[in-house]
Amino acid sequence: MQIILNSLNMWYLIPKNFIEIYYRDTVNTLHTDQDKGDGNLKYILTGDGAGSLFIIDENTGDIHAAKKLDREEKSLYVLRAKAIDRKSGRQVEPESEFIIKIHDINDNEPKFTKDLYTASIPEMSGV
């Protein structure tokens with residue numbers, strides 16, 4: 001199963017099982033070559049946050065973040081995906097595991113308690 005990442009409105013095929021993302025509504029898309037677009041396959045997502053943080057469209061394989069992901073809460077998610085034949089209930093390919101790493105962004109502004117700060121540095125100090 002291929003994992004496709006949408007980053008800055010450009011699509012990248014990620015051949016490895018490690019994906020790094022920044023917060024976006026669409027996290028990635030799962031796709032198998034067995035999918036002929038006739039609706040016979042169902043995509044299933046399990047693992048950390050599946051069904052609550054990460055929602056998969058079972059028809060298209062599109063995975064969406066259901067809320068803003070915060071690195072301070074959790075920096076890494078391990079997910080597993082599979083494609084099932086709707087008629088037979090059998091997997092069409094082995095289950096794929098991938099890791100989503102959340103990058104830290106400066107989402108908390110620095111706060112200063114004073115209006116003015118002073119410091120002194122001795123002459124000829126090492127930097």
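Q: Which side chains meet Asp48 and Lys74 in the model, and what kind of pairing is it? Put simply, what do the side chains of Asp48 and Lys74 form when they meet?

A: The general idea is that side chains of opposite charge can pair when their charged atoms come close. This is a predicted model, and in it the side chains of Asp48 and Lys74 form a salt bridge, with N and O 3.6 Å apart. The pair ties together distant parts of the chain: Asp48 sits in the loop between S5 and S6, Lys74 in the loop between S7 and S8, and 26 residues separate them.

Q: Are Asp48 and Lys74 buried, exposed or partly exposed?

A: Asp48 is partly exposed, because its relative accessible area is 29%. Lys74 is partly exposed too, with 33%.

Q: How many salt bridges does the structure hold?

A: There are 3. Glu58 takes part in one with Lys42, where the closest N and O atoms are 4.0 Å apart. That pair spans 16 residues, from Lys42 in strand S5 to Glu58 in the loop between S6 and S7. Glu58 also meets Arg86 in a salt bridge, at 3.4 Å from N to O. Here the separation is 28 residues, with Arg86 in the loop between S8 and S9.

Q: Which residues do the shared partners join into one network?

A: Lys42, Glu58 and Arg86. As for accessibility, Glu58 counts as partly exposed because it has 33%. Lys42 comes in at 30% and Arg86 at 34%, so these two are partly exposed as well.

Q: What about charged residues that are buried: which side chain of opposite charge is nearest to Glu93?

A: For a buried charge, check for a partner, then look at what else the side chain touches. Glu93 is buried and has no salt bridge; Lys36 is the nearest side chain of opposite charge, 9.1 Å away. Glu93 lies in the loop between strand S8 and strand S9, and its side chain makes a polar contact with the side chain of Thr32 at 2.3 Å.

Q: And where does Asp35 lie, and what is it in contact with?

A: Asp35 is in the loop between strand S4 and S5. It is another buried residue without a salt bridge, with Lys36 as the nearest side chain of opposite charge at 8.2 Å. A polar atom of the Asp35 side chain lies 2.9 Å from the backbone nitrogen of Gly37. Setting aside neighbours within four places in sequence, Asp35 is in contact with Leu41, Tyr43 and Asn59.

Q: How do I read the nonpolar core, and which residues touch the most other members?

A: In soluble globular proteins, nonpolar side chains tend to be buried together. The largest nonpolar core here has 16 residues, and Leu45, Phe54 and Phe98 touch the most other members. S5, S6, S7, S8 and S9 each supply at least two of its residues, and S8 gives the largest share, 4 residues. Beyond four places in sequence, the residues that Leu45 touches include Phe54, Ile56, Ile63, Leu79 and Phe98.

Q: Which residues does Val78 touch?

A: Val78, in strand S8, touches Thr46, Gly47, Asp48, Glu97, Phe98 and Ile99, leaving out residues up to four places away in sequence. It counts as partly exposed because its relative accessibility is 25%.

Q: Stepping back, what pattern does the chain follow along the sequence?

A: The pattern is β-β-β-β-β-β-β-β-β, with 0 helices and 9 strands. Of the 127 residues, 26% count as buried. Among contacts with a separation of 6 or more, 59% are between residues 24 or more positions apart.

Q: Where is confidence lowest, and where is it highest?

A: Where pLDDT is low, the predicted coordinates should not be read in detail. The chain averages 76, and 74% of the residues score at least 70. Confidence is lowest in strand S2, at a mean of 37, and highest in strand S5, at 93. Residues 1-24 have a pLDDT below 50, and this stretch has 69 contacts in the model beyond near neighbours in sequence.

Notes:
Residues are numbered from 1 along each chain as its sequence is written. This is a predicted model: local features need pLDDT of at least 70, side-chain atom pairs count only at pLDDT 80 or more; totals for chains, interfaces and linings use all residues. Side-chain values use heavy atoms; hydrogens and water are left out. pLDDT is the predictor's confidence in each residue, from 0 to 100. Contact means heavy atoms within 4.5 Å. Buried means under 20% relative accessible area, exposed over 50%, partly exposed in between (1.4 Å probe, protein chains only). Lys and Arg count as positive and Asp and Glu as negative; His and the chain ends are not counted. A polar contact is a pair of N or O atoms within 3.5 Å; within protein, one must be able to donate a hydrogen and the other to accept it, and residues adjacent in sequence count only if both atoms are side-chain atoms. A nonpolar core is a set of buried Ala, Val, Leu, Ile, Met, Phe, Trp, Tyr and Cys residues joined through side-chain atoms within 4.5 Å.
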